[in-house]
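Please keep the sequence and the structure open as you go.

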Amino acid sequence: MLGFPDDVLVTDAAALDWAADDFGHVVRQRPVGVLRTTSADDVAAVVRLARARGLAVVPRAEGHSTGGQAQAAGGIVLDMTGFRAVHRVTAEHAVVDAGARWSDVLAATLPLGVTPPVLTDYLDLSVGGTLSVGGLGGASHHFGAQTDNVVELLVVTPDGERVTCSPTFHPDVFDAVRAGRGRRGVILRATVRLVPAHTHARCFRLRYDRLADFLHDQRLLMAERRFDHLEGRAKPDGVGGWGFRIDATAYFTPPGSPPEPLDGLRDRREAAEVDTVTYRHFANRMADDVAALRVLGPWRWPHPWLNVLLPDAAAEAVLAESLAGLVVGDTGVVLVYPVPRARFHTPGLRLPDSPTAFLLALLRTADSASTLRAMVEHNHALLRLCSASGATTYLP
Ligand SMILES: Cc1cc2nc3c(=O)[nH]c(=O)nc-3n(C[C@H](O)[C@H](O)[C@H](O)COP(=O)(O)OP(=O)(O)OC[C@H]3O[C@@H](n4cnc5c(N)ncnc54)[C@H](O)[C@@H]3O)c2cc1C
């Protein structure tokens, strides 16, 4: 096909089915071919040839999209998992292929005592995959998105040109491809910023009965930057309502002592939990849960996820309305945490018009077709509610 050997531009049913699916299992669009290569020349050539024939070309790496973002109906999917090398790590930068996972990057940087400043909660996402959406995490209140912490990219543009770009060199390409959802160029290689890594993490889990107190303390902790990592979640309280938890983490390196920056917070202090783990363990904290979900099955079930960024002024009302009657099931998670707009500089990543935004990530799993339909419909209603309040969609 398009002059490529059959084992490079693959068209067998297994390959097309693989490319028509993702972690969400909600959207299924079959391409006509899957490019499996480790050659940047092949990527550039297929982009040019497909463009000339009017075919969509969409890169895919770990396939952890939940809404078909890495699919190409009737087009070509580029399997980026062949581009997985970590080429070079210095005290300040790592040069990595776009198909490398963040877990690969961290494994290469930690022995040198450095880390990417922002990591996603789950590390087995590809560098190219998260740079194509933004890449948010608990350190985003300090450093913005992962796309704000990349200094250079090697890209194949939609014209099939290979271009090295940065904030000062081909900035138009740099700005288009970051958070470009794989539709504004293919990232082949990234130079990501690194910062010194502490060896340990002191993790505080602070509990709240009232949404207003939870949001108050999140705003305070974000503004005062007391912690290195700040997230939070809403959880059913078991009696028909919701409880809230702030997950705040401070890094330190013994013999330095861990900070305890809890003054003036409104949490139920008697319910607080604190523990200390290594930084490596903290960064990879989802690993045990993921292993269990893989064994038990829900990791493979449909994930009709909804991610929005709410403007601060509407956050409390929208959250209260969204949570009322919300069913999350045994494995569902509702993440809520604040990010300051001033730390974000990626043009393609849309934030609400508000100095502070709250990420609301409604991460549910459907155990049957009827539950999936109901959750998808419910997500549409929630999206309308959020959009009407000035929210933007993350991972649209
Ligand atoms: C369990 C789990 C946890 C998550 N946690 C977080 C989190 O903490 N923070 C966060 O921000 N997000 C999180 N996400 C969302 C995740 O960041 C995005 O879905 C991301 O795009 C997935 O990366 P991937 O490698 O699986 O990409 P894929 O699903 O393969 O692709 C995703 C998008 O990136 C594009 N793309 C992939 N590779 C390239 C490339 N080389 N060049 C250009 N475009 C490319 C694709 O075309 C597609 O649009 C999570 C998702 C899951 C499933």
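This is a predicted model: local features need pLDDT of at least 70, side-chain atom pairs count only at pLDDT 80 or more; totals for chains, interfaces and linings use all residues.

Residues are numbered from 1 along each chain as its sequence is written, and side-chain values use heavy atoms, with hydrogens and water left out.

**Domains**
- The protein chain is split into domain 1 (9-80), domain 2 (83-196) and domain 3 (200-393), with bounds from an automatic or database domain assignment.
- Between the C-alpha centres of domain 1 and domain 3 there are 32 Å.

**Where domain 1 meets domain 3**
- Contact (heavy atoms within 4.5 Å) links 6 residues of domain 1 with 9 residues of domain 3.
- The two domains bury about 590 Å² between them, 67% of it on carbon and sulfur atoms; buried area is the accessible area (1.4 Å probe) that two parts lose on being put together, summed over both.
- Phe23, His25 and Val26 supply 70% of the area that domain 1 buries against domain 3, more than any other three residues.

**Around the ligand**
- Of the 35 residues around the ligand (a heavy atom within 4 Å), those that come nearest are Pro59, Ala61, His64, Ser65 and Tyr394.
- Oxygen atoms of the ligand lie 2.9 Å from a backbone N or O atom of glycine 63 and 2.7 Å from a polar backbone atom of histidine 64.
- For isoleucine 187, a backbone N or O atom lies 2.9 Å from a nitrogen atom of the ligand.

Technical notes: A polar contact is a pair of N or O atoms within 3.5 Å; within protein, one must be able to donate a hydrogen and the other to accept it, and residues adjacent in sequence count only if both atoms are side-chain atoms.
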